[in-house]
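Please read the following notes alongside the sequence and the model.

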Amino acid sequence: MNPAISTGGRQYAALFASPLKMHGDDEDHSHEYSMASNGAMIEYIRKMDNVILTTVGIDIGSSTSHLMFAKVHLRRKANSLSSQFIIVNREILWRSPIVITPFKPDNSIDADALKAFIGEAYKAAGLSPAQIDSGAVILTGEAIKKTNAEAIAQLFAHDSGKFVCASAGHHLECTLAANGSGAVALSLAQKKTVLHVDIGGGTTKLALIGNGEILGTCAIAVGGRLMVQDADGKLIRIDDAVRTIAAARGLKMAMGCVPDPDHVQDIIASLVQAVAALIRQQPVPAEAEPLFLTARLPKAGKIDVVTFSGGVSEYIYGREARLYGDIGKFVAEGIVEAFRNKAIELPIADPGQGIRATVIGASQFTVQVSGKTIFLSDSSMLPMHNVPVLSPALDLDQTIDVAGIAARIAPTLLLAEGGAEQPVAIALKWRGEPIYWRLRNLAEGLVQAFREQPVKRGALILIVDGDVAQSLAHIMKDELGVQEKIIVVDGIELRAYDYVDLGELILPANVIPVVIKSLLFSAGV
């Protein structure tokens, strides 16, 4: 059961402590089941079908950090005996100011300062950690570096059962920004090809979107806080990307020194030219080539509109004009000028969210129970918590092609950029008949994609909405010789950006409870 539901149920346990006396065939009529208790039972049933959660979403990035509290209302699906809950309403309770992410002199995140900021936010919102039912902590940019992520994780260690703590690697961050900004919704609503460009403090993330589907992503080390000066003009932060460009162009940049303004302008111009080239689907300047963090973006036949998000977008859309000692405002001005002078001949649209585009809504819990044919190669792996879910776009209605399945799943697996100790789950929507050759081709494609990944994960977890778990798993183990641990559960409906907790096997029913933590996007709020 959902923890929130179980708690509600215990409040009304007294109603069922003794049998209710109703009209019997051989007894006098008894009315101990009064109107008062009837009202209490109705209230109990209402609470079993409706869950209200107080949630917090915390976004920690290279440039800025912020958080948001919300009240999420979930309701059980209308069909009888459903164990699934859906979001019917979300109310924003409080949004924090957006602050510059605190860094120490060694360029690591100051976890103590961050803890103080989060503590003040709770106080300002009039909430305590004990009042929070669930939350999501999303780390991007510099925050995902190992030492930073470990320090931040410690801040929420005592709430590990409540919080999803996700390190958004480059590809996933592109996807989150495209969704959270509203660009994906814009593409779907207008049936257009959108190029979404999220420019943060340390990276620029691009997502090519066609009719609401993300067709490709790309990240490059271009951002608004790659270089920071203090009030006296001295350099107090120089990112490796700036050092790379400076070295290629013979420019002098040194910590603690006041740089030549012309050299600063040259570096800004190189960064702007790199972004402009990517938007035009052209090669970037030679000095920017080493800045790519991922493979290049696939070419689109025609881009209809460009959208922006991230801290630099606040300047692009005219929502911010203040200076923070960095180059964000000047990068934005360069990009705007490229559109104005027709160096980029594409229209710009505002997708709705800028600096708050990444996921800042919190997680919400739903509960499902695995189907009839689960497969566990090793039950000692359970329970598992906060397993990220990947949802490749697979067409399983028609012919299932091994190479096609592998080609679709391989890039999806890149979205999960954690280490080998971090398992991931692949969500599959099974369609058509469970004929052997169809299952075999799907299994071969999955195994091929899994084995070709640069990060070798210790377990392969498949979550299928149809009853094919055992058949699929046995083909992998017995026929394809998969040595890795396998968990396959069926009868579960998931989507991308979900996280799941897999409970221990329940016998003799032979089922696994699955708690689903879905990330909410901030678009439209």
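Predicted model: local features only at pLDDT ≥ 70, side-chain atom pairs only at ≥ 80, totals over all residues.

1. Leu53 stands opposite Val72 in E2. The strands concerned, E1 (residues 50–60) and E2, run antiparallel and are joined by eleven bridges. Strands (E, at least two residues) and helices (H or I, at least four) are DSSP runs, numbered from the N terminus; two strands pair if DSSP finds at least two bridges between them.

2. Residues are numbered from 1 along each chain as its sequence is written, and side-chain values use heavy atoms, with hydrogens and water left out.

3. E2 also has an antiparallel partner in strand E4 (residues 99–100), with two bridges between them. Here Thr64 stands opposite Ile100 in E4. Strand E2 spans residues 64–76 and is mostly covered, ten of its 13 residues being buried. Buried means under 20% relative accessible area, exposed over 50%, and partly exposed in between (1.4 Å probe, protein chains only).

4. Which order do the strands of the open five-stranded sheet follow? The order is E9-E8-E7-E12-E13, and the pairing is mixed. Strand E9 (213–220) and strand E13 (348–349) stand at the edges; each has a single partner strand, so one side of each is left without a neighbour in the sheet. Within this sheet, E7 pairs with strand E12 (residues 305–309) in the parallel sense over five bridges. Val197 stands opposite Phe308 in E12.

5. Most residues other than glycine have a negative phi, and most peptide bonds are trans. Two residues to check against the first point are Lys191 and Asn386. Lys191 has a positive phi, near 55°, and lies in the loop between helix H6 (183–190) and strand E7 (193–199). Asn386 likewise has a positive phi near 55°, but is found in strand E16.

6. Asn386 is buried, with a relative accessible area of 16%.

7. The peptide bond from Leu382 to Pro383 is cis, with omega near 0°. Pro383 sits in the loop between strand E15 (375–376) and strand E16 (384–390).
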